[in-house]
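Here is a short note to read alongside the structure. Keep the model open and find each element as you go.

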Amino acid sequence: MTFHKKHLPRTSLMDVLWEIQRKKRHIGRDDMSKIAQQFNMSRMELEGVITFYHFFHRRDCGKYTIYLNSGIISRFSGRKPVKKAFEDILGIETGNVTEDGMFGLLETPCIGLSDQEPACLINFKPFTNLTPEKVADIISSIKKGARLSDICDKPKSIIYYTPSKDRTVFFKPYTTFSALSQLKDLHPEELIEIVKKSKLAGRGGAFFPTGLKWQFCRHNVADQKYIICNADEGEPGTFKDRVLMEEHPELLIEGMIFAAYAVGAAKGAIYLRAEYMYLKEPLENLLSTYRQNGFLGSDIAAKIPFDFDIYIHMGAGAYVCGEETALINSMEGKRGEPSTKEFFPVQKGFLGKPTVVNNVETLCAVPRILEMGVDTWLQIGTDKTPGTKILSVSGDCPNKGIYEIEWGMKFNDFLKLTGVEKPKIVQFSGPSGDCLSITPDEGKTLRSSQRKSRDYLTDQEYDRVISGEDITCGGSVMIFNESRNILQIIKSFSDFFVAESCGICVPCRTGNFLLNKKLEKLLHGHGEKKDLEDIKAWSEIIRTTSRCGLGQMSNNSLLQAIEKFPEEFDRALSDNTDFNKAFHLDEAVAEYDNIINELTSDYE
Amino acid sequence: MNNRINLTIDGKTIQTEAGKNLVDVAKENGIYIPTLCYFRELNPLATCRICTVKLNGRHTTGCTIKVADGMDIEVNTPELLDNRKAIIEMLYAEGNHFCPSCEKSGNCDMQNLGYDMGITVTRYPHVFSDKIVDFNPKRMIMESNRCILCKRCVEEVKTKDGKDVFSFVQRGVKTRVHIDYEQEEKLSESEALHAMNLCPVGAILVKGMIHEQPFGERKYDLLGKNILPKVTSVNNNLHKKENEKFIVATTSLAGCFGCHMSLLDIDTDLLDIIEIAEFNKSPLTDIKKFSKRCHIGLIEGGCANSENVHVLEEFRKKCDILVAFGECAIMGGIPAMRNFVPLKECLEEAYLNGVTTEIGAHIIPGHEDIPKLLNNVYPCNEVVKIDYYIPGCPPNAQHIWKVVKSILLGEEFSITHDEFKYD
């Protein structure tokens, strides 16, 4: 293969696409031909990349593109009147652009503002706590020519709970650069030993030991290594990384510097989800400050001086890119499909080089551990999971926001903090996580007589402990109260996976689509007992045969919900018959009737 | 260094070289792991998931396993076999696979796996999504209806200057493989043929080069001879009194009557049937209305109009056991190809604009006595419960006879590879 100098490196493809998308509000044919040539790729391959990410558009999406959160939390927070207000004022239905090309009204999954819903992004500027009146104000201000940056909201960092001052890790004042002074005393191996000793583990939800990951990467010899911060937090209901990057971005950058020093990486990247575009500029400014102070760039002062710099790679709307191999593909300017896991990123990652991919919270923990000393850190939390964990709490509770809790907190105590009344379900770690069921009043009174036989489940859960020994959590905690319909919640989760499946393997791509149809059948009251058997069997097939975690975990909550709320599913099901209740002859012939009616009226 | 290692597959100890691909190792040792996307020296893609096995108790794909010492692998457990079947069925439900009209039929890897696994029907409802058949490329046709997104072509077919010819576009259920016209033109004749042969199904076709082998000598017609017959057990509850003859009903819904013709091909065995059975409502007897309850009802054709639905529901009510015979009854068949065309266009083509319509025709008939067309053609099992399926277009007469006889007598039956066809 000949490599022409004039061709641009593929890693910059998404930046180029973003520039065109921003300027022209879509990526048109002519631009595509030009870009394909610049990157020496076929047009269709480029189309494949563009159409993978839902924030890149092949058609005009309006001078002002409004993305309304379509998730369940937004829905339960009063999205309906807000959506209607947008539609009425703009005179278009969701999914369309106004005739003058001024406004595009679109939907997108969770935008990381679950504690301030209903919320939307307009040209990636956040607008929170929306009401129909507020919507009217926003649109009229824009029409009057107001600048978005002047009228948008600054998302609040609602830090509702932290442990006592001496046991708080993240959300307390930090003096910029202070932990970095330890670089001078530490050999990279010593640093890795400290991280290993701290038992710090991947805070995105997988909980892989961070120190071990760094050690693997360090031991893989290569001319280049990379540190990537996974700031693509797309799990519905989570917003902890957003708050961390707003409140303590310095911890993140310093964590990356430590990681680079430990493994011997000279380059780093923050893969920032597009929904957090408004964090890009402040982060870039901060990176400059670090460069000016000699903590990024060449010859960084340390026991063994080293080179390291960080850039920001913008995502473009694909939940699956939170999976590390998909994230790496995306950074390489490809479709964000997960790889076959033939190699771990620490062996062959970004551009085929050893790469460490760490979550924002994981990296932020590193400078704090060094600051307080690993022994102090180990005294916080539990034996398996020392330290604290940041949870994003949203849903039916008065005290929404960020909770930095010490690992080992009782689930019961945590719930009391949220102030929730009559809780029913607590969804831990997002749609693919755990569906915890709760009975009200200290977990002792049963909600209904049918519940009696299964109350062991609820009692156990009430006494559960949030820790590595019992129940872990990636960060998303969505609380639903008694008034909520479990089927509706589960269906919404299923919608999310159908939309976010990368499409590479059939169980996830079509299995989830078919399962979604079944759930719809149940919601419409057409379900029979055998449909529930199908749902269970199909979920199991999807779980065991999907290609990556997205598919494998996609039905966790569904299966748990069936087990924990049998009476709700029973209510939606009737006895088996020999006829498909979802088939309605009158509906099936309606189209024909319309055509014939239209025609006969023509003849007359 | 000694590279020899030991591993177990389904309890059998196998000695081989470390690092080899599990699918190959199993094959060398007489254990067959079915695959669709795995292709010779191509890097394992792990897209089709059919080779899913259990490695030390965890599910993973066989094609991505490089064997190592001490591995404990399960290949043919009931659960894994059913998973494989489920995936093939899912592919059938997802795509629009009309075997009787497919150029690759008989040479299709997926169809053959369907035969091997004895799949008569998919457990999933058909998606029937509208997919593009792209005739625009200079040399090729991209038939997305049949594409299973195995990604072989995307990974393997490149131009001499290293550009992709086939690419994945969109994502989720909308994912498709599209051809880049400009790059496709650069391919040589043999490279184009290579792409077609690479495709495990009939999605990539080279114009004018489609029928490799004449019918009857197709790849899997020959290969299949060694495969053991499928045994199906019968569990029926016929409400039959002793000394009473079996009562059979048949009907043709949206079909071509070809299945009924095949029924007549049962030939002299028909005499045996008459011995044990009598026919009630059926085109064969010309009895229009059920005059008594039947033990078994044979359904040809799917549901294309309101009358089909009424007849099918009547059959369900009047018969103990319903058997869908032929592709149209099982998955809609050729009539279901209209599911991708708006109903209005179908009617206009049939009554106004078609080449065979009378010049100046301007009426689409509409009268209360004329059955109403459904928005889609539905497979029978998406309207009522169907108990047994006999695939084929039409099904082999012996196949029909075996199934019907065995159901009536409550015996197990086996279908040979020869008799089991989708086309």
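1. Domain bounds here come from an automatic or database domain assignment. Keep in mind that this is a predicted model. For chain B the assignment gives domain 1 (4-76), domain 2 (98-224) and domain 3 (230-357 + 372-415). Note that domain 3 of chain B is written as two segments, 230-357 and 372-415.

2. Now take domain 2 and domain 3 of chain B. Their centres, taken over C-alpha atoms, are 31 Å apart. How many residues does each domain bring to the contact? Domain 2 of chain B supplies eleven residues, and domain 3 of chain B supplies 18 residues. Look at the domain 2 side by class. Where domain 2 of chain B touches domain 3 of chain B, six residues are nonpolar, four are polar and one is charged.

3. Strand E1 (residues 4-9) pairs with strand E2 (residues 12-17) of chain B. The sense is antiparallel, and there are six bridges. E1(B) and E2(B) make a hairpin, with two residues between them. Asp10(B) sits in the turn and has a positive phi of about 45°.

4. E1(B) has another partner to find. With strand E5 (residues 72-74) of chain B, E1(B) pairs in the parallel sense over two bridges. Opposite Ile9(B) stands Lys12(B) in E2(B). Ile9(B) also stands opposite Ile73(B) in E5(B).

5. After H13(B) comes Gly410(B), with a positive phi near 70°.

6. Last, the contact between chains. Here 51 residues of chain B meet 45 residues of chain A. Which elements of chain B give two or more residues to this side? They include helix H2 (78-94), strand E8 (166-169), helix H10 (306-318) and strand E17 (373-378) of chain B. H2(B) gives the most, with six residues. By class, the side of chain B that touches chain A has 23 nonpolar, 15 polar and 13 charged residues.

Key. Residues are numbered from 1 along each chain as its sequence is written. Chains are lettered from A and ligands numbered from 1 in the order in which they are written. This is a predicted model: local features need pLDDT of at least 70, side-chain atom pairs count only at pLDDT 80 or more; totals for chains, interfaces and linings use all residues. Two strands pair if DSSP finds at least two bridges between them. Helices (H or I, at least four residues) and strands (E, at least two) are DSSP runs, numbered from the N terminus. Two residues are in contact if their C-beta atoms, placed from the backbone, lie within 7 Å. Ala, Val, Leu, Ile, Met, Phe, Trp, Tyr, Cys and Pro count as nonpolar, Asp, Glu, Lys and Arg as charged, and the others, Gly among them, as polar.
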